[in-house]
Structures are given as structure tokens and as C-alpha cells.
Amino acid sequence: AVVSTQSTGELRETAQTEESRYHFLMHSKQLLELEQQKVEEELAVYKNPDPAARKQSLREQYNRKILEQDNLGKALRAKQKTVREQHVPNVAQMAMWRDLTTLLTCKTNTLSRLQQKEVETGGENILIL
């Protein structure tokens with residue numbers, strides 16, 4: 001009884017393994033059939049003499065996308081070159097702008113101090129060195 005139970009368990013395990021393998025192979029077969037169908041459709045597009053139909057082929061679509069990406073890459077490289085060339089002058093201009101704002105701030109502070117002193121001294125004109 002123990003031997004038959006053991007062999008029954010082994011047989012069930014073997015059956016499950018084989019059934020699992022069967023389902024795996026069936027799904028693989030379906031996927032391969034779909035891929036074969038796509039290949040046949042693509043070949044039919046290539047054999048079609050109509051140029052409008054050829055534009056719909058995967059090859060043409062991918063070539064178009066590659067060309068678009070190449071053009072985009074060229075544009076980005078040109079922009080990068082422009083940014084690199086203008087970086088140093090732009091940094092210098094920012095430094096000059098900071099200096100100008102500092103100078104204007106100093107002038108407004110000096111003017112307000114002079115106005116304050118004028119109020120304190122009663123409006124007398126005093127030369128401060």
C-alpha cells in the first residue's frame with residue numbers, strides 16, 4: 001500500500017510536470033505563429049508596388065524615427081556648442097551686473113545718508129570728505 005501511494009504521487013508529479021510543459025510549449029507555439037504572421041505581413045508590404053504602402057512598413061517607420069533622432073541629436077549638439085561658446089562671456093556679464101547692482105546700492109545708501117545728515121544739520125551745505 002505504501003509503495004502504490006508512493007508511485008501514485010510520483011505519477012501525479014510527472015503528469016503535472018508534463019502538463020505544465022505541454023502548456024508552455026503551446027504558448028510558445030502561439031507566440032511563434034504570431035511572429036511568423038507579422039513577418040509574412042511585412043514581406044507582403046515589401047512586395048507591394050505601391051509606395052504609400054511601403055511607407056507603412058516597419059523598416060520605413062524605424063528608418064524615419066532614426067532620421068528624426070539623428071536630426072534632434074545634431075540640433076542638440078549645435079545648441080550645446082553655442083552654450084559652451086557663450087558661457088565665459090555670460091559669466092563675465094553676470095559679474096559685471098553684480099558689480100553694477102552693488103555700486104547702485106552703495107549710491108542709494110550714500111544718498112540716503114546724505115539726506116539724513118542734511119536733515120540733522122538743518123539744511124546746511126557741508127562738504128564731507
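Colleague: How many helices and strands are there in the protein chain?

Modeller: The protein chain of this predicted model has 3 helices and 0 strands. Helices (H or I, at least four residues) and strands (E, at least two) are DSSP runs, numbered from the N terminus. Residues are numbered from 1 along each chain as its sequence is written, and side-chain values use heavy atoms, without hydrogens and water. Local features need pLDDT of at least 70 and side-chain atom pairs count only at pLDDT 80 or more, while totals for chains, interfaces and linings use all residues.

Colleague: What makes the contact between glutamate 33 and lysine 29 a salt bridge?

Modeller: A salt bridge requires a side-chain nitrogen of Lys or Arg within 4 Å of a carboxyl oxygen of Asp or Glu. The closest N and O atoms of glutamate 33 and lysine 29 are 3.7 Å apart, and the pair forms a salt bridge. Both residues lie in helix H1, 4 residues apart, about one turn of the helix. A search of the whole structure finds 1 salt bridge.

Colleague: Why is glutamate 33 called partly exposed?

Modeller: Buried means under 20% relative accessible area, exposed over 50%, and partly exposed in between (1.4 Å probe, protein chains only). Glutamate 33 has a relative accessible area of 44%, and therefore counts as partly exposed. Leucine 104 in helix H3 (residues 58-121) has 46% relative accessibility, so leucine 104 is partly exposed too.

Colleague: Which residues form a nonpolar patch with leucine 104 on the surface?

Modeller: Trp97, Leu100, Leu103 and Leu104 form the patch, with about 420 Å² of accessible area together. Patches consist of residues with over 30% relative accessible area and no salt bridge; like charges are joined within 9 Å, and nonpolar side chains (Val, Leu, Ile, Met, Phe, Trp, Tyr) within 5 Å. Accessible areas come from the Shrake-Rupley method with a 1.4 Å probe; for residues, only the protein chains shown count as cover.

Colleague: Where is glutamate 42 found?

Modeller: Glutamate 42 is found in helix H1 (residues 2-47), and its side chain is buried without a salt bridge.

Note on methods:
Lys and Arg count as positive and Asp and Glu as negative; His and the chain ends are not counted.
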